[in-house]
Amino acid sequence: MKKIMLVGHTGAGKTTFCQAIYGEELRYQKTQAVELFYNAIDTPGEYLENRNLYRALIVTAADADLMVLLQDCTDEQCWFAPGFAGMFGKPAIGLVTKIDLATDGQALRDADEKLELAGCQPIFHISSKENKGINDVKTYIGLA
């Protein structure tokens, strides 16, 4: 099983995804600091939103086998610079989150493009709330 590190903006669904893959009850919980959630490293959204905190992401990534970048499909803003995943020197996958809230397919395609530009491959579409796509990600990271 791979140790994963989750990176995304505040509210992208990092903690909820952790709860979903480990069969926990889904409850909103603001991540205030780096937290270990079984075999996942959950990072605060502020680490991505403030470039001065990128160093904290890079140092924390030393313990991860796989980077997981999350993009909320309802958020039109892209938080990841082109090639963002390359700074970690590890494989990176992308998760398009909150697909149950997508108003059309264009929102999903836009989120895919943001994650592709960041350097993610493959990209999964998930809804932690409706448990859609979760098993595919679990299989990929060796949890299923």
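**Aromatic pairs and a helix contact**

Phe80 is buried, at 5% relative accessible area (buried is under 20%, exposed over 50%, partly exposed in between, with a 1.4 Å probe and protein chains only). Phe84 is buried too, at 3%. The model is predicted, so local features need pLDDT of at least 70 and side-chain atom pairs pLDDT 80 or more, while totals for chains, interfaces and linings use all residues. Residues are numbered from 1 along each chain as its sequence is written, and side-chain values use heavy atoms, without hydrogens and water.

The structure holds 5 aromatic pairs. Rings of Phe, Tyr and Trp (its six-membered ring) pair if their centres lie within 6.5 Å; planes under 30 degrees apart are stacked, over 60 edge-to-face, and the rest tilted. Tyr22 and Tyr38 have ring centres 4.6 Å apart and planes at 35°, so this pair is tilted. The two residues are 16 residues apart and link distant parts of the chain. Tyr38 is exposed, at 56% relative accessibility. The rings of Phe80 and Phe84 are also tilted, with centres 5.4 Å apart and planes at 55°. Tyr54, Phe80, Phe84 and Phe88 form one aromatic cluster.

Methods: Helices (H or I, at least four residues) and strands (E, at least two) are DSSP runs, numbered from the N terminus.
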